Every structure is written in structure tokens, then in C-alpha cells.
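User: I've got a new model open. Can you walk me through parts of it?

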Amino acid sequence: MSKIRIRNGPYTNREVTLAEGAITIGRDAEAGLPILDRSASRFHAEVVPVGGMYFVRDLESKNGTFINDDKLEDEELLREGDVIKIGTTEMVFESGIALTDSDSGQQVAYEDEMRLTNTIEFRIDDLSDIEDEDKQNDDGQSLRLLYQVGKTLSGTSADPCSKMLDLLISAMPADHAIVLIRQGKSSKLVPKYIRASEQWAKPVIARSIIKSVMSENRAVLTENAQEDERFNRRNSIVSGNVRSVICVPLGTKNAMRGVLYVTRSGGNEPFTQSDLELLSACALQLAMHFNMQDRITKQHSVLWHAVNSMTHIMELKHDCVGRGARCARTALAIAQQLQVAEDSQRHIRLAAILHHVAEISEKAEEHDTIIALLEGIPGFKKVTPLIDNAYERLDGSGPKGIKGDNLGLESRIVIAAVAFDHATSGNYDTDVIAVIDKLEADTGLDPDVIAILRSGHLDGSLYSGHGAQKSEPVESEEQ
């Protein structure tokens, strides 16, 4: 059955099965798929069935609906893995079938008859739909999947690795796809990303296979896990009906990051050598993605320490040391609990630590100079508007009168963090719950964000400095 699944935010993994009638999506509790997003209209969009296919259309919402980062102008046919984005909320369409639909007549554009024999032009966005006349051609399916994996990992979605695993499960097909990552400098591997064809199914892994892959830097395929000596056949391999397993390394022998581990149940044909080669190619792309993310993380770390030092020096002059860092910690904790994209988390954190730059600047021109310098740093153009809006209010009572939907989720988080910091800083005897009660009653603050702030205070995540999530349980087969 086709379905729409929410993949980020407070309602992560909430889903609705698509049937014969239209399904509405929106902020209203009566919507077919309600979402908690202040940028969403009460009834924002709808998914409509037409002849066994499903189309999505916007219901004249204020902020629009996006499909794979493109704004929806008219109704759009949904394909496996398409992402519907409303505000910061992302929902994925899952049809349960591989990506094989296309209209070959729309894939090629020709300039004129004279050049027909030697010039063919492809629209890059259409490459994922290219397929041979023989739709069962394995090479064509592998090429399409590799393209989709590369496009997903290089995109801007909130969780590209999980989306990649969804693609593998759908296209291969597979029952489970797991990425296990080396923990720090140790040899211990922990499951970082886990996807399953059935939501509540628990994956089973063989540690001996993973150890072999990690130590020898080679991919492993077992066609029959029921008879493989590396599995304990008396326990969960049998009960879990695991038929076939592929495990491939992520990285090179000198820089082994982890493994990609995929299983298929006994009701299907076992994996083949072609599947092993395909998974190895996907693992290579995933390893490159992780390496790029490492570089980006290091760059942002250097930037963060530079900004933190600059802020600390400015705060020393005004006897308010640590105020920006505390505000940044609060804002980041809220953003992580709301599961906003990592780029947004960085913007929020930087804006929060610099929210009081106008106050601690000795002269107006000094403030303007700082803002100009920040805007010259790559990526900071999305940060400075958040700094400027740090004292705005949803009811329009802020200094510039910006209100309501004109203040996005990033600004609402920074605004709430600033208000919380102002109400609690300088007084160690503050009744924090009483402060949060007042903030909750404040019409200038987003009640959903304040609710997250309250829960973060109660469970301690507001003060931990990070939002580490627990790994999902995985059964391991000991050898």
C-alpha cells in the first residue's frame, strides 16, 4: 500500500496509508495527516488518487508546497521517494515499488533534424527517469539506483542517509538496510542509520561477518544465512527468516569508517553478485558523502570557535561573559529536539551566540561593521537576518514590527532562546518553571517552541550541549 510518512520534526515516522479518497495535509487536527509546523496552513495540501496513481496539489496555502525542493505550481504526480516539504516538515511518498515509471517521450530534446544523429540533450532532473526499452534490464535499474543515491546524498534534505537506505530497500528490494559507524577511534561499531521495509521489524546482524569486512576490507555476500556457519542458526536468524545478507565496507583500509549491511528474507530470491557490486558502488558514494561532511564539520567548527572567541572578547567589555554561549546552547537544544536540518541548526546556533551584538557594540557603526563582516563569510547571509530578528515578536510588538508567518521557525527558535536567557541570566535562584510558564503565556512567542523548551528543561537536554539520540536496537548474532 502507498503511504505518506513524516520523516522529521515532532511527528517523525507518523504515516497515513493512501486509499481511494483524497488525504489532506495541514496544521489542523482534522487534517488527514496533521503536522506540527507554524508555516503550514490549516489545510495546506492534499494527495489525490487518480487511476492507481497519486497526485499532490497545494490548497492555495500562504507559504506554498515543495516537491523535492521545487515549489509546486500545479498538481504533481508522486513517485517513490518524492519528498513533500511544507515549512520545515518533510514527508516522503512510499509506494512500495521500485522506481520504474517514466515517459520516454519526454526524456530527449533535439535541436533540429540535421543534428539528430549526433546531438542528444538531457535535462539533468530527468536523468533519474531514464530507462531502456526492456524495463527489466538489470544494468538500467542499477544505473537508475546509483543516480538516485548520488542525487540523494548530494542534496539538501534533512536526512539524506536514511533516504538513501529507503531507496535501497525499495529498489533491490531488501528487508533491512543498516549503516554501522565506527565509534570514535575505537573499533566498536554502532548502528547509525536503520531502515526497514516493515516499521516494527527488528534487524538481525552477524558480528563475525562485520568483523571480517572490517579487518579484510572486502565485501561479503551470503546467499543462504540459514546455512551459513557465521550465523547462530538456532536463534534469531531462523526466527527472523533471514535468507540472504550483503555487508560492504565504507571507506578504504586505512580509513575504514564502518559498513553498509543489507538483508533479504526467505520469501525472496537470494542476493546475487550483481547486487553485491551495486551495494559496493553505493557504499563508495556513501563513504565520499561522509568524508565531505567531515570536512564541512571541521570548517564549521573553526568558524564557531572564531565567532565564540570574538563574542567572548566583546562580552568582557560589558560584563556579560557567557551570555551568548548560553543562548546558543538553548537554541541548539530546541532545534535538535524539533529535528530541523543540520544547516538550520548551524544558522540558529550562530545567530543565538551573536543575538546581542547590537547591545555590546560600543557604537552603531561598529555593529554595522560586524554585520557586514559576517555577511562576507560564506553561509552567513542566512544568519544575519536571524540576528536582526532576535528581538522580534509574533504579535508584532518587536522593534521592527515583523510578526506571524513572516518569522520562520529558525527565527522563532532564536527569539524564544533569547527571551529565556534574558529571563534567567544573572540570577542563580531563578524558578525556571515559573519563567517558562510566563513565556508560555507570552503571545509574542511560539507556544510549540516553548513547549519544547519546557520538555528540554525537565529532561536536562536543554543544558547538555548536544542532542545525542539513542541508537535503535539491533539483535546481534555472536559467533
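Analyst: Strands β7 (residues 66-67) and β8 pair in the antiparallel sense, over two bridges. Strands are DSSP runs of E, at least two residues, and helices are runs of H or I, at least four, numbered from the N terminus. Two strands pair if DSSP finds at least two bridges between them. The model is predicted: local features need pLDDT of at least 70, side-chain atom pairs need 80 or more, and totals for chains, interfaces and linings use all residues. Residues are numbered from 1 along each chain, and side-chain values use heavy atoms, without hydrogens or water.

User: Which residue is the bridge partner of F66 in β8?

Analyst: K71.

User: What order do the six strands of the open sheet take?

Analyst: The order is β2-β1-β11-β10-β7-β8, with antiparallel pairing. β2 (15-17) and β8 (70-71) are the edge strands, each pairing on one side only.

User: Switching to E94. Buried or exposed?

Analyst: Buried, at 14% relative accessible area. The cut-offs are under 20% for buried, over 50% for exposed and partly exposed in between, with a 1.4 Å probe and protein chains only. E94 sits in strand β11 (residues 89-94).

User: What does E94 touch?

Analyst: Its contacts include M1, R5, E80 and D166, leaving out residues up to four places away in sequence. Contact means heavy atoms within 4.5 Å.

User: And D166, where is that?

Analyst: D166 is one of the buried residues in α2. That helix covers residues 160-171.

User: Why is α2 largely enclosed?

Analyst: Eleven of its twelve residues are buried, so the rest of the structure largely encloses α2.

Methods. The expected span of a helix is 1.5 Å times one less than its number of residues.
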